[in-house]
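Hi everyone, thanks for making time. I'd like to walk you through one structure today, so please have a look at it with me.

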Amino acid sequence: MGSRTPLRLPVIDFSKPNLKPGSPEWDSVKSQVRKALEEFGCFEALFDKVPVELRKSIFGALEALFDLPLQTKLRNLSKKPFHGYVGQYPQVPLYESMGIDDANIIEKVESMTNNLWPEGKESFSKTIVSFSEQVSELDQTIRRMILESFNLEKDMDEHMNSTNYLLRVMKYKGPQTPETKLGLNAHTDKNIVTILYQNQVDGLEVQTKNGEWIQLKPSPDSFIAMIGDSLYAWTNGRLYSPYHRVMMTGNEARYSAGLFSIPKAGYIIKAPEELVDEEHPLLFKPFDHVEFLGFYYTEAGQRAQSALKTYCGV
């Protein structure tokens with residue numbers, strides 16, 4: 001039997017010097033983005049706008065954050081599910097995470113920082129905001145390309161203004177064993193676009209449409225861009241929202257930072273009429289993302305094979 005080449009995600013280069021709307025480079029990258037998101041729902045993005053020093057200091061900031069005493073971390077509360085401190089779950093004992101709302105707005109980040117470090121920690125706030133600002137450029141480029149590829153420029157301003165940024169930072173303890181242990185259960189993201197950056201401890205796996213799991217091994221210079229259920233619904237199923245999970249081995253801790261573009265409360269997600277036709281009948285009724293998130297964390301939402309279909313499927 002011939003050995004099979006393991007599947008790899010498409011790698012798309014956003015570091016080209018002439019990557020401006022309307023340029024041949026832009027159109028080439030745009031078609032790669034559309035194809036990758038239709039086929040895999042995610043891709044590896046080469047993006048050089050985040051300086052090497054900042055990429056190093058984000059992991060220093062995460063180590064300092066997760067080294068805080070549990071009682072201190074628990075002060076990071078949020079009314080929105082999964083936006084505050086998450087940890088101490090018996091089913092995923094290796095995992096803990098923290099949400100930083102409006103992570104690109106210095107006043108909001110300083111307020112959260114001062115809550116955790118009353119004596120102040122300016123370096124932490126600056127690192128989080130700089131990282132979020134730079135990575136949000138990649139998020140906006142990807143979303144512009146998606147809308148252009150569907151000829152939906154008329155919806156651009158509304159779409160780009162409909163979201164806030166959440167930086168979700170995560171730590172997965174090494175299981176201290178060569179056996180593979182669950183770091184985080186398989187799930188789809190519920191937002192618009194997620195952009196993940198990790199230290200060089202692998203563990204992220206993505207499921208293809210035919211059910212195969214791909215182990216991702218991004219380079220230190222690349223980010224994983226992935227679409228969530230809200231964009232899947234908005235594009236009326238034209239793009240794919242992939243299941244993904246984290247599987248851990250060995251002794252080292254895995255740190256990752258995910259910038260999530262999230263629909264604002266009260267904003268209704270509704271597929272544009274241009275994306276609904278005989279070939280593509282409407283899949284989902286219009287919905288509010290925050291209300292959908294509330295349903296997802298109920299027992300019925302957690303039990304559902306697809307929380308989105310159960311919540312607002314046509």
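Predicted model: local features only at pLDDT ≥ 70, side-chain atom pairs only at ≥ 80, totals over all residues.

Residues are numbered from 1 along each chain as its sequence is written, and side-chain values use heavy atoms, with hydrogens and water left out. When I say helix, I mean a DSSP run of H or I with at least four residues, and a strand is a run of E with at least two, numbered from the N terminus.

Helices to begin with. Two packed helices are described by the angle between their axes and the distance between the axes. The axes here are lines fitted to C-alpha atoms, for helices over the stretch in contact, and angles run from 0 to 180 degrees between N-to-C directions.

Take helix α1, residues 24–39, and helix α5, residues 122–149: their axes come within 9 Å and cross at roughly 85 degrees. That's why we call α1 and α5 roughly perpendicular to each other; the label covers 65 to 115 degrees, while under 35 is roughly parallel, over 145 roughly antiparallel, and the rest oblique. On the α1 side, the contact (heavy atoms within 4.5 Å) is made by W26, V29, K30, V33, R34 and L37. Residues of α5 in this contact include I142, M145 and I146. The contact divides into 7 nonpolar, 2 polar and 4 charged residues. Here Ala, Val, Leu, Ile, Met, Phe, Trp, Tyr, Cys and Pro count as nonpolar, Asp, Glu, Lys and Arg as charged, and the others, Gly among them, as polar.

Now helix α2, residues 52–66. The axes of α2 and α5 also come within 9 Å, but cross at roughly 130 degrees, which makes α2 oblique to α5. In α2, L54, S57, I58, A61 and L65 do the touching, and their partners in α5 include F124, I128 and F131. This contact has 7 nonpolar residues, 4 polar and no charged.

On to the strands. Is β7, residues 193–198, enclosed or open? 6 of its 6 residues are buried, so β7 is largely enclosed by the rest of the structure. Buried means under 20% relative accessible area, exposed over 50%, and partly exposed in between, with a 1.4 Å probe and protein chains only. In a regular strand the side chains alternate between the two faces of the sheet. In β7, V193, I195 and Y197 sit on one side and T194, L196 and Q198 on the other, and both faces are covered.

Which strands does β7 pair with? Pairing needs at least two bridges found by DSSP. β7 runs antiparallel to β10, residues 222–227, over 4 bridges, with L196 partnered by I224.

Last, two loop residues. N199 is in the loop between β7 and β8 and is buried, at 14% relative accessible area. Beyond its neighbours within four places in sequence, N199 contacts F59, A253, R254 and Y255. E273, in the loop between β13 and β14, counts as exposed at 67% relative accessibility.
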